[in-house]
Amino acid sequence: HHVRTLSEAAFAWDRCQQARSLVNQQCLVVQDPSGRLRPHPAIASEHDSRLAYLRAMRQLDLDTAPLTTRRPGRT
């Protein structure tokens, strides 16, 4: 299941970057049919994808260094 979780994390990161690129190209706000300014729909996608990535990484626990073990009597 770790490989699948890592794969999903990579997919979420890619989706987050795609959404960020789209927002950077088109602007943070879009005009709806009635003329009101609304947040770009890709902002929600970027946010959700970033959260999915962070959750997967936390689940994999890759942000901590491995523990070193010493045997008694050795230095």
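Select Glu 46 and look beyond its neighbours within four places in sequence: Glu 46 is in contact with Cys 16, Ala 19 and Arg 20. Contact means heavy atoms within 4.5 Å. This is a predicted model, where local features need pLDDT of at least 70 and side-chain atom pairs count only at pLDDT 80 or more, while totals for chains, interfaces and linings use all residues. Residues are numbered from 1 along each chain as its sequence is written, and side-chain values use heavy atoms, with hydrogens and water left out.

Stay on Glu 46. Its place is in helix 2 (residues 41-60). Helices are DSSP runs of H or I with at least four residues, strands are runs of E with at least two, and both are numbered from the N terminus. Glu 46 is buried, at 13% relative accessible area. Buried means under 20%, exposed over 50%, partly exposed in between (1.4 Å probe, protein chains only).

Now show the side chain of Arg 20. A polar contact of 3.0 Å joins it to the side chain of Glu 46. Such a contact is a pair of N or O atoms within 3.5 Å; within protein, one must be able to donate a hydrogen and the other to accept it, and residues adjacent in sequence count only if both atoms are side-chain atoms.

Next, select Trp 13, in helix 1 (residues 2-26). Trp 13 is partly exposed, with 38% relative accessible area. Trp 13 and Leu 51 are 38 residues apart in sequence, yet 9.4 Å apart in space, C-alpha to C-alpha.

Last stop: Val 29, in strand 1 (residues 29-31). Val 29 has 38% relative accessibility, so it counts as partly exposed.
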